[in-house]
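Please look through the sequence and the model shown below before reading on.

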Amino acid sequence: MAVHEHPHRSPRFHLPSLRGNRTAPASEDGVAMLSDTHTARAYAFASLRLLTGFVFLWAFLDKTFGFGYATPSGKGWIDGGSPTKGFLSGVAAGPMESTFHDWAGATWADWLFMMGLLGVGVAVMAGVALRLAALAGIAMMALMWIAEWPPAKHLSDGAPSMSTNPFVDYHVIYAVALIALAAAAAGATWGLGKVWAQLPVVRDHAWLR
């Protein structure tokens, strides 16, 4: 009987060692996959951060110097032009139409708008103060959304508004992108997020991160 039992015992004896040899590479592959996923996510957020920040920074530069794109040459902020007059005076729908008309071209409105664009643009591209930048950017996007008022089918003069979506437009997308960047602490990759987070004042006040 002993002779007949050995063939049955041998496979059972070797199975644990064979399984053990197969588990190690699988575990290593899992770790490598998680590492690759983490790296890809970091690069994706860094790319989103740089592109989103550049949207704000470019708007500031174009409105300041009049590069001939959204702002005609010679009508930049440094030439005496108003960054808010054209846009706010053209508001033709929504609950704050008359309010925006009153704000159009006001010195305080110009400075607040331009410093907001510059601050959000620089902070997001550098990867610092992303929470503050998100709050400021969301406030700006909310006001601009209200100014364009996508829910309106018609303007105040009865003309079609040509709104492509009554709720979600690019202002909402930018706001959500800023929230995602701040939530993911996306300033470490291709940015100064790690250096910023190590500053004593930032360590003591998490809202500055």
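**Loop residues, the chain and a helix pair**

At 56% relative accessibility, A185 counts as exposed, where exposed stands for over 50% relative accessible area, buried for under 20% and partly exposed for what lies in between, computed with a 1.4 Å probe on protein chains only. A185 is placed in the loop between α6 (170-183) and α7 (193-197), helices (H or I, at least four residues) and strands (E, at least two) being DSSP runs that are numbered from the N terminus. The phi of A185 is near 50°, which is a positive value in a residue other than glycine. Most residues other than glycine have a negative phi.

The model is predicted, and local features therefore need pLDDT of at least 70, while side-chain atom pairs count only at pLDDT 80 or more and totals for chains, interfaces and linings use all residues. Residues are numbered from 1 along each chain as its sequence is written, and side-chain values use heavy atoms, with hydrogens and water left out. The chain has a mean pLDDT of 89, and 84% of its residues reach 70 or more, pLDDT being the predictor's confidence in each residue on a scale from 0 to 100. Where pLDDT is low, the predicted coordinates should not be read in detail.

The chain contains 8 helices and 0 strands, and of its 209 residues 30% are buried. Among contacts between residues at least 6 apart in sequence, 62% join residues at least 24 apart.

Two residues of the loop between α1 and α2 can be read side by side. T71 lies in this loop and counts as buried, at 9% relative accessibility; leaving aside neighbours within four places in sequence, T71 is in contact with D62, K63, G66 and G76. G74 is also placed in the loop between α1 (2-65) and α2 (85-89), but G74 is exposed, with a relative accessible area of 52%. Not counting residues up to four places away in sequence, G74 touches G66 and D79.

Helix α4 holds L112, which counts as exposed at 58% relative accessibility. The C-alpha atoms of L112 and T84, which are 28 residues apart along the chain, are separated by 10.0 Å.

How do α4 and α5 cross, and which residues make the contact? The axes of helix α4 (residues 107-126) and helix α5 (residues 130-148) come within 9 Å and cross at roughly 140°, the axes being lines fitted to C-alpha atoms over the stretch in contact, with angles from 0 to 180 degrees between N-to-C directions. The two helices are therefore oblique to each other, since angles under 35 degrees count as roughly parallel, over 145 as roughly antiparallel, 65 to 115 as roughly perpendicular and the rest as oblique. On the side of α4 the contact is made by F113, G116, L117, V120, A123 and V124, and on the side of α5 by L130, A133, A136, G137, M140 and M144. These residues divide into 10 nonpolar, 2 polar and no charged, with Ala, Val, Leu, Ile, Met, Phe, Trp, Tyr, Cys and Pro taken as nonpolar, Asp, Glu, Lys and Arg as charged, and the others, Gly among them, as polar.

The loop between α4 and α5 includes A129, which is buried, with a relative accessible area of 11%. The phi of A129 is near 50°, a positive value in a residue other than glycine.

Technical notes:
Contact = heavy atoms within 4.5 Å.
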